[in-house]
Amino acid sequence: MLIVAPLAITWVAAAALALLDGRRRWVGWLAAAALAAATVSLAVLTVTVVDGDEVEQVVAGGWPAGVGIVLRADALGVVFALLSLVVVLFALVHEVVAGVRTRGFPALMLFMATGLTGLFLTGDVFNFYVFFELAMISGYVLSAYGGETRHYGAAFIFAVVNLLGSFVFLIAVAAIYHVTGTLEMAVVGERMTEVDPSAAIMIAVGIFVAFGVKLGLFPFHFWLPAVYVGASPAVAAVLSGALANIGAYGLLRFGGELLSQELALGATVLIVIGSASVVYGAVQALSRRDAGEVLAYSAIGQAGYVLIALGVGGPVGYAAAVVYAIVNSLNKALLFLAAPLRGWLVGAAFVVGAFSVAGLPPTGGFLGKLELFRAGIDAGSVALVGLLFVGGALSFVYMFQIYQYRYWRNERLSDPSPALLRAVALTLAAVVVVLGVWPEPLLLAGREAAQNLGAGQ
Amino acid sequence: MSDSSVTVLTQMTARLLLAPILVISVAVLVNGYASVGDGFSAGVIASLGLLLQYVSFGRERSDRLLRLRLVPAAAFAGLLGALAVALVPLLRGEPILTHWPPPGSDAIYVGSLELITAVAFDVTVYVLVVGCVVGFARAIARAGEGVAR
Amino acid sequence: MTLLFAIAVGVMFGSGAFLLLKPDLFRIVVGIVLVANAANLTLIASGLSRGVSPILPLDGETPSDPLVQAMTVTAIVIGLAVAALLLSLAYRVYTSHDTVDLDELSHAEARRESELEREEVEI
C-alpha cells in the first residue's frame with residue numbers, strides 16, 4: 001500500500017487546495033506540508049525498494065495482472081520520483097516564502113507532483129501517458145505564471161512544441177499496443193524482441209523524438225531558452241529540475257528496458273546528438289550575459305551528457321546516466337532558485353551549484369562527471385573522454401562568468417533577500433554537497449536503477 | 001455580450017432545450033451499466049446544454065439565472081469524490097478502485113437501478129466533466145469581457 | 001480497413017502539421033487539435049477488431065477489443081483539456097498584445113525590450 005500513499009496524498013491535497021485561495025500563506029504551507037508528507041512516504045518506499053531489492057506492485061481493482069492497470073515501483077522509478085518530489089518541494093517552499101501571486105499556484109504544483117509520481121510509478125504504457133500529460137499540463141499553466149504578459153507567447157510555444165511531442169509519443173504507444181498486444185511495460189519488453197525490426201525502429205524513433213523534445217536536446221531545443229528566461233525562479237526550477245526528468249526517465253525506461261535492441265542499434269546516433277547538445281549548449285551559454293539565459297543553454301548541454309551515457313550503454317553507462325540525471329536536476333533547481341537572491345551566504349549556495357555543474361569536488365556533480373568518465377573509459381573512446389573534459393571546462397567558465405556578473409559587480413546596490421529564502425537555497429546546496437561527500441547512496445541508487453536496463457541486448 | 005446575431009428565437013430554443021438535455025444526460029448516466037453510456041459522455045451532454053445558455057444569453061445572465069457560478073468549484077469536488085471512491089477500498093485492505101459489491105454477487109436494487117460503487121464513481125466523473133467544461137467557458141468568457149471594456 | 005485508417009491519420013496529421021507552421025496562433029491551435037485527433041484515430045486503429053460489445057459476451061460471440069476504446073476516450077478528454085488551455089493562452093496573448101500573429105508578436109517583444117534597455121541606460 002506504500003506505493004499508493006505518495007500518489008494519494010498529493011492528488012487529494014491538490015484537488016482540495018484548488019478550491020482555496022492559494023495566495024493565502026497558510027494554504028501554501030498546507031500544500032508544502034502535504035508534499036513533504038508525500039516525499040517522506042516515497043523516501044520510505046525508496047529505501048524498501050532499493051535496499052530490499054524487490055519490486056512493489058499493485059493492480060488496480062483487484063484484477064489479475066495483465067488485465068488491470070498496474071502501479072509498479074522498481075528502483076529506477078522510485079529514484080526519479082523521489083528526486084522530482086524533492087525538487088518540487090523546494091520550489092514550492094521557495095515560492096510560498098517569497099509570496100504566491102496567483103490563487104492556483106500551490107494546487108498546480110501539487111497536480112504536477114501527482115503527475116510526476118504517477119508516471120514514475122506506473123507499469124502501464126498508456127497510464128504513463130496519462131500521468132505524463134497531467135504533469136505537462138500543469139507545467140504549461142505554470143510556465144505562464146509570473147504575471148508578465150510578454151511571457152504568454154513563450155508559454156504558448158512551449159505548450160505547442162511539447163504537445164506535438166506528446167502526441168507523437170501517443171502514436172508510438174498505439175503502435176506498441178498494435179505490435180505487442182499489451183500495455184504492460186514488463187511484457188512489452190519481452191515481446192518487443194520478436195517484433196518486426198522495421199516497426200520497432202519506427203516506434204523507437206517516435207519515442208526518442210518525444211522525449212528529446214521534453215529534455216530540450218539539441219535539434220529540439222528551440223523552445224527552451226525563451227521559457228526559462230521569462231519564468232519566475234520557482235517555475236524555472238520545477239521545469240528544469242522536475243519536469244525535464246520525464247525526458248531522462250523516459251529515454252531510460254523506454255530505450256533501456258522496452259526497446260533495448262533498438263537503443264543499441266542507434267547508440268552512435270545518440271552519442272553524436274548528445275555531443276552536439278553538449279557543445280552547442282556550452283558555446284551558447286558562454287556567449288550570454290543574463291543568468292537565466294546561461295542556465296537555460298547550460299540545461300541543453302547537460303541533457304546531452306545523459307544522452308551520451310545512454311548511448312554508451314551497458315551497466316556502467318546506464319548507471320552513469322541515472323546518476324548524472326539526478327545530480328543535474330538538483331543542480332538546475334539550486335541554480336535557478338539561488339541566482340536571483342542577494343545577501344550573505346547566497347553566493348556560497350550559487351558556487352556549490354556552479355562547482356556541481358562543472359563537476360568539481362566536493363559536490364554531487366563531481367560524482368556525476370566521474371561516472372561519465374568511467375562510462376567513457378569503459379567505451380574505450382578517447383574522443384568521448386576528451387569531449388567530457390572540454391565540456392566540463394567550458395561549463396566552469398560560463399558558470400564563473402555569471403558569478404562574476406551577479407555577485408561582484410553590483411552587490412552593494414541591492415538589499416539582501418529574506419533570510420528564509422536564502423535558507424531554502426542553502427538547504428538545497430547542502431543536499432548537493434552531502435551527495436558529493438557521502439556518495440554511497442547515490443551510486444547505489446544508480447547501480448540498482450540500471451540493473452534491469454539493457455536486458456534484451 | 002449582447003451580440004445582434006443572437007436572436008430571440010435562439011434564446012427561446014436554448015431555454016426550451018435545457019431541461020430535455022439535462023434529463024437525457026442523467027438518462028445516459030444511469031444507463032451506463034446496462035447499455036451504452038457512462039459518466040463522461042453524460043457529462044459532455046449536460047455541459048453542452050449549459051454551454052448553449054452561455055452562447056445565447058451571455059455569461060452574466062446565465063450565471064444569474066442558473067446559479068452557475070459554483071459549478072467550476074464542483075469540478076474539484078467531483079475529483080475529490082472520485083478519489084474517495086478509488087481510495088476507500090484501501091481502508092478495507094483491498095487494492096485501489098476495487099468496486100463493491102464484488103462481481104458475481106447481487107447489487108442493491110432501487111427500482112431498475114443497480115447501485116454499485118462504480119455508479120458512484122461515474123456520478124463524480126459526471127460532476128467533474130460538467131464543472132470543467134463550464135469552468136473553461138467561464139474563463140474564456142471572462143477574458144473576452146476584459147477586452148470589450 | 002487498416003489502409004483507410006492509415007490514409008485518414010496521414011491526412012489529418014499532415015494538415016495539422018501544415019497548420020502548425022503558420023504564424024497565426026489560432027491556426028496553430030487548430031493544427032494541434034488535428035494532430036491530437038490523428039493520434040486518437042491511430043489508437044482506435046491499433047486494436048481494430050469486429051465483435052459484439054464487450055459487456056458480458058455470450059458463448060461463441062467474440063467481443064471487440066474494449067481497451068483501445070477506453071484509451072481513446074481518455075486521449076480525447078486530454079485533447080479537450082489541452083485545446084481549452086491553448087485557446088485561453090492564445091486569447092491571453094491576443095488581449096495583451098492585440099495580435100495573434102507570431103511574427104508581429106516577436107517584433108513587439110523586441111521593440112519592448114529595446115525600450116526597456118534604453119530606459120535602463122537613462123537611469
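How many residues of chain A are in contact with chain C, and how many of chain C with chain A? In this predicted model, 27 residues of chain A touch 36 residues of chain C, where contact means heavy atoms within 4.5 Å. Residues are numbered from 1 along each chain as its sequence is written, and chains are lettered from A and ligands numbered from 1 in the order in which they are written. Local features need pLDDT of at least 70 and side-chain atom pairs count only at pLDDT 80 or more, while totals for chains, interfaces and linings use all residues; side-chain values use heavy atoms, with hydrogens and water left out.

The size of an interface is often given as the accessible area lost when the parts come together. Here, buried area is the accessible area (1.4 Å probe) that two parts lose on being put together, summed over both. Chain A and chain C bury about 2,800 Å² between them, with 84% of it on carbon and sulfur atoms. For chain A and chain B the value is about 1,200 Å², 90% of it on carbon and sulfur atoms, and 16 residues of chain A are in contact with 12 residues of chain B. A salt bridge is taken as a side-chain nitrogen of Lys or Arg within 4 Å of a carboxyl oxygen of Asp or Glu. By this rule, 0 salt bridges are found between chain A and chain C, and the count between chain A and chain B is also 0.

Now to the helices, which are DSSP runs (H or I, at least four residues) numbered from the N terminus. Axes are lines fitted to C-alpha atoms over the stretch in contact, and angles run from 0 to 180 degrees between N-to-C directions. In chain C, helix 1 (residues 2–20) and helix 2 (residues 25–46) pack at about 160 degrees with their axes 7 Å apart. The two are therefore roughly antiparallel, a label for angles over 145 degrees. Their contact has 17 nonpolar, 5 polar and 1 charged residues, with Ala, Val, Leu, Ile, Met, Phe, Trp, Tyr, Cys and Pro counted as nonpolar, Asp, Glu, Lys and Arg as charged, and the others, Gly among them, as polar.

In chain A, the axes of helix 5 (residues 125–143) and helix 6 (residues 152–180) come within 10 Å and cross at roughly 175 degrees, which makes these helices roughly antiparallel. Residues making this contact include A:Phe128 and A:Phe132 of helix 5 and A:Phe158 and A:Leu163 of helix 6. By class, the contact has 15 nonpolar, 4 polar and 1 charged residues. Helix 1 (residues 4–17) and helix 4 (residues 105–120) of chain A pack at about 155 degrees, their axes 8 Å apart. Among the residues in this contact are A:Trp11 of helix 1 and A:Phe111 of helix 4, and the classes are 11 nonpolar, 4 polar and no charged residues.

Finally, the peptide bond from A:Pro361 to A:Pro362 is cis, with omega near 5 degrees. A:Pro362 sits in the loop between helix 16 (346–358) and helix 17 (364–379) of chain A.

Methods:
Parallel < 35°, antiparallel > 145°, perpendicular 65-115°, else oblique.
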